[in-house]
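Thank you all for coming; I would like to take a few minutes to walk through one model, going from the overall picture to a few local details.

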Amino acid sequence: MDLKRMKDSSNSSDSPESNCVSLFPHEVLESVLSLVTSHKDRSSVSLVCKDWYEAERSTRRHVFIGNCYSVSPEIVARRFPKLQRVTLKGKPRFSDFNLVPENWGADVQQWLRVFAAAYPFLEELRLKRMTVTDDSLEFLATSFPNFKALSLLSCDGFSTSGLAAIATNCKNLTELDIQENDMDDNDGGWLSCFPENFTSLEVLNFASLQTDVSFDALERLVSRCKSLRVLKVNKNITLEQLQRLLVQAPQLMELGTGSFQQELTPQQYTELESAFRNCRSLHTVSGLWEAKSLYLPVLYPACASLTFLNLSYATLRCTELAKLLTYCTNLKRLWVLDTVGDKGLEAVGSCCPFLEELRVFPAEPFDLDIRHGVTESGFLAVSAGCRKLHYVLYFCRQMTNAAVATVVQNCPHFTHFRLCIMSLRQPDYLTKEPMDEAFGAVVRTCTNLQRLAVSGLLTDLTFEYIGKFAKNLETLSVAFAGGSDWGMQCVLDGCPKLRKLEIRDCPFGNGALLSGLAKYESMRSLWMSSCNVTLNGCRLLAREMPRLNVEVMKDDGGDDHADKVYVYRSVAGPRKDAPPFVLTLWS
């Protein structure tokens, strides 16, 4: 029966809801929706009609919450009754730069209490920039009997005692991923808390822990877990210990090594090289703390299969990187420190034709007198040889407008372009002109650009370019830039897909803030710190936009200046756990 006959044979009205019922029986719709995994697609489905809303609601198993205060856990539980996997983000991203005061909030405990009642079948929890206490981890470990996966990224408030509770009680755990957290390392005995009959672990990452762990317990755990595919250890694991782990787990796909500076005997060197050769499924390597060129060749047998090499903890020089990359012919992602210099990046351009993502981090970000690092020369070399590049994070000490224009001509498919010139308000060092034309070239050329971070000496012209050309931009980060409110207004008026706007130390004031009245409800958040915004301006915004949460943080109790402003949409209203230094404004 074709679509017209199906409509004609229906006794229902012509309303969208009725057509949904006649065309798609509920069981069929649920079966189809169970195959849809995109959050955006599922959200669109839920808006079609009431029946599709109910079908999407009952089949949703995973939810992503980009701001833990945009919704309450109670609302989530009412909206989605059968969730098994939750990703939850807390503090604004600028908390990574110590711009968010301590004890700001984002405590996970209330979420866990609600989830324990609503989702006793919860299997997976991924937290980023949340406050997580040891009590919360123990509550998590004892409240969800089938819990399988925990990821903590840039969280704070817990210690290895909390990890011990997870290891002791989560009998079905497949993933424990602990990355870049502000936590207390009480001792390394938490690995001993995994039961001796525990075998289900597939992902174990404790690379950011500072203290020693019980290596005997780690080795036994690795030997038992035959499905382990990701293992990232901390820098206290020696090369000799790493070799023993690799022998137990040749099936690894991702490896984070420990320190790479231990002295090895010839026999130990041969055994470690052999262990890497036997890891035939390995595609990601990270760690390599304090790597010595003498021992880097042990990696060579595994390099041909690598697609991601993270050297952000390895202070390699150009010759060391160049030799290593000759064996890494299939890399798609590369992270390095700027100690590799422009010559090292020339090697990247020569050896990595399939590279899609490059991140260059500063080895000494706060020492501006250091002369080593990377410049426009290395950036140009990479763009000339890596034409598939679409993601870049590039910390440098000098740049030119012409170089950036050439880079994006060579690689016009950038979706993420984050250029960080480390000297504040640095102009084009050759012409002494502002860097406006550099970012103008980026937004004109890279039509699929989604994320942009700007730096250097910038006038309002940069933001005019962004508003005029960056029609797919979702996230913009700005620091020490701009000339007037007009710049920010251009962005808010011209970027229809903008979701996150992060601004610090810019001259934008109340006029800029209030120019976004028609925009903020479609965005996830706005952050402004050390700008020219006042409390009165924030009150006007709150009065005009009652569905927004407008939070002001003052460094002191003095004048009308709003030191930090955080604006975000929320269906839960003002948060109830705001500390005294957070002033929540409403109409």
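Before anything else, a polar contact here is a pair of N or O atoms within 3.5 Å, where, within protein, one must be able to donate a hydrogen and the other to accept it. With that in mind, and remembering that what you are looking at is a predicted model, consider serine 136, whose side chain is joined to the side chain of glutamine 109 by a polar contact of 2.6 Å. Serine 136 sits in helix 8, which covers residues 134-143, and with a relative accessible area of 1% it is buried, because the cut-off for that term is under 20%.

Let me step back to the whole protein, which has 22 helices and 23 strands. For 587 residues a compact globule would have a radius of gyration near 25 Å, and the protein, at 26 Å, agrees with that. The C-alpha trace spans about 80 × 65 × 60 Å along its principal axes, and buried residues account for 54% of the 587. If we take contacts between residues at least 6 apart in sequence, 70% of them join residues at least 24 apart. The accessible surface comes to about 24,900 Å², with 51% of it belonging to carbon and sulfur atoms, while the mean positions of the 63 positive and 68 negative charges lie 5 Å apart.

Which elements cover the buried residues of helix 9? The cover includes helix 8, where serine 136 is placed, together with strand 4, strand 5, strand 6 and strand 7. Helix 9 itself, residues 160-169, is mostly covered, with seven of its ten residues buried, among them Thr160, Gly162, Leu163 and Ile166. At the start of helix 9, a side-chain oxygen of serine 159 reaches to within 3.1 Å of the backbone nitrogen of serine 161.

Finally, I would like to turn to glutamate 74, which is in helix 6, residues 73-79, and which counts as partly exposed at 33% relative accessibility. Not counting residues up to four places away in sequence, glutamate 74 touches Gln110 and Val114. Glutamate 74 and phenylalanine 354, by comparison, are 280 residues apart in sequence and 46 Å apart in space, C-alpha to C-alpha.

Conventions:
Residues numbered from 1 in each chain as written. Heavy atoms only, no water. Helix = DSSP H or I, 4+ residues; strand = E, 2+ residues; numbered from the N terminus. Rg over C-alpha atoms; globule rule 2.2 N^0.38 Å. Buried < 20%, exposed > 50% of the residue type's maximum accessible area, 1.4 Å probe, protein only. Contact = heavy atoms within 4.5 Å. Areas by Shrake-Rupley, 256 points an atom, 1.4 Å probe, with all protein chains shown as cover. Lys, Arg positive; Asp, Glu negative; His and termini not counted. Charge placed at Lys NZ, Arg CZ, Asp CG, Glu CD.
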